[in-house]
Amino acid sequence: MKATTMILSATVLGLLSVVTAVMPAAQAAEGGRRPNILYIMTDDHASHAMSCYGSVVNKTPNLDRIADAGVRFDNCFVTNSICAPSRATIITGKYSHINGVPVFNRFDGSQPTLAKYLQSAGYHTGLIGKWHLGSDPTGFDHWEILPGQGRYFDPEFYTAAKTRTIKGYATDIITDLTIEFLKNRPKDKPFFLMSHHKAPHRAWDPDEKHRAMFADRKIPEPPTLRDDYATRTDAIKENEQRVFDDMTRRDLKLTPPADLKGSDLNKWLGVKPTEVEIEVDGQKKLLKGEELNAWKYQRYMQDYLACIQSVDDNVGRLLDWLDQNGLAQNTIVIYTSDQGFYLGDHGMYDKRFMYEESLRTPFVVRWPGVIKPGSVQKAMALNADFAPTLLEVAGVRVPDDMQGRSLVPLLRGERPADWRTSIYYRYYHDPGHHNTRAHYGVRTETHKLIYFWKKNQWELFDLTKDPQELKNLYGDPAVGDLTEKLKAELYRLKKELKDDDQFADEQPPPGVDGSPPVRKRP
Ligand code: CA
């Protein structure tokens, strides 16, 4: 056999094996019909603020319904913990350096995406809510999105043809538009719908009902709220996403003097206060120092959790609608976030760093008849896996250039023998908001090695003995061999994923709200 024929045969065999591998999932659908896919994603929702993940700060009974009837992934990670890059990875199945969105770059919508593949395969495709990728969405039969970050109250939405303002609260409205899409869909096709909430993104503006639920609630402080960063690199010491030091008057919802307007008002709201006057039982009280710190954490978490409670109510409303309209059985429901978040962990309130709380993202999936209810999956999953997974679910061949791997075997409770035992991560947005230093790293099932390449500094953690990542072991002679092994694994993954530092110097574009530039809206 000639070499070319052999290569061809190998390619055909490879293709056949992919097709054979995907068929059981497609056939598993009710009556042989391909399942509908409802993909619900929030923005900045940490898994430790979901009761099915053991939250000690809130209860999310409706999100838990998905996990209870399906599977909860305990080790689902993102490849770059920040909004736009994570969204680009989810829609392409590729890392930032391949999809061209390492920071807040405008997404090149001419590249292949999950939505385009599903649309070509006969799915009716839709996108509602936050998009945040600058360019207009492609591959969707219907889309209506928030410009950039969007607003919590009376938000604007736009399509290719028009912009409209809808009165009300973003989380309620996005759910209404989601249900409207489902009502109006062509009934002879399966659907793929991405329903993307703005909540609970900063500035954590809850509606009145949910604000009231949390107004007087005392939220337990996390054990690492007062992390002093001893043994750590300069990178974390320089961060400006600290609850005690970096929350602004806007974040804390302080009331400005009535006569302030325009830029003066913005300047006032942007101040990081070191003293705050509050009213307790009708008496004015000046907070500072440790008393103010503790108060700031409460104010942050009360609003953040109130935003999530509205999401939980609305997901419940959506699940009820599926039940009432006969769609629950043949619809896969996914709930996830674009990354995790620091809920005061390590003293912080944002994401970006490769530490567990923002590297990990919630991922729960309900698929009646396929996923065993109440199951838990510990194998490592990535947001880059979502696209290949949904292609396999739809019986579509997973393209070779996707870097994630289908999670369908894991959904069924099977862990392939060659499943990954390490993941690669890279964050670029430096300099930028919150002064978080660029880094890349590897996480194994037991350890994490992080390299801050612009500072040439390292951190190494033993996740089994130090799950809170407080003790940096890098440079300790006792872990010399381990360090070399982790470095070898880091560079192996970097090479395998074709990261040749092509975006190492990439910097965020200037923008008022940290969003990719949006074209002039219709
Ligand atoms: Ca986000």
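The structure is a predicted model, in which local features need pLDDT of at least 70 and side-chain atom pairs count only at pLDDT 80 or more, while totals for chains, interfaces and linings use all residues. Residues are numbered from 1 along each chain as its sequence is written, and side-chain values use heavy atoms, with hydrogens and water left out.

In β8, 6 of the 6 residues are buried, so the strand is largely enclosed by the rest of the structure. Here buried means under 20% relative accessible area, exposed over 50%, and partly exposed in between, with a 1.4 Å probe and protein chains only. Phe191, Leu193 and Ser195 lie on one side of β8 and Phe192, Met194 and His196 on the other, and both faces are covered. Two strands count as paired if DSSP finds at least two bridges between them. Strand β1 (residues 36-42) pairs with β8 in the parallel sense over 5 bridges, with tyrosine 39 having methionine 194 as its bridge partner. Strand β4 (residues 124-130) also runs parallel to β8, over 6 bridges, and here threonine 125 stands opposite phenylalanine 192.

After α3 comes glycine 93, with a positive phi near 75°.

Turning to the helix pair, α6 (residues 170-184) and α11 (residues 289-324) pack at an angle of about 15°, with their axes 9 Å apart. Axes are lines fitted to C-alpha atoms, for helices over the stretch in contact, and angles run from 0 to 180 degrees between N-to-C directions. The two helices are therefore roughly parallel to each other, a term for angles under 35 degrees. The contact involves residues including Thr171, Ile179 and Leu182 of α6 and Val311, Leu318 and Trp321 of α11. Aspartate 320 is also found in α11 and, at 32% relative accessibility, counts as partly exposed. Its C-alpha atom is separated by 54 Å from that of aspartate 481, 161 residues apart along the chain.

Methods
Helix = DSSP H or I, 4+ residues; strand = E, 2+ residues; numbered from the N terminus. Parallel < 35°, antiparallel > 145°, perpendicular 65-115°, else oblique. Contact = heavy atoms within 4.5 Å.
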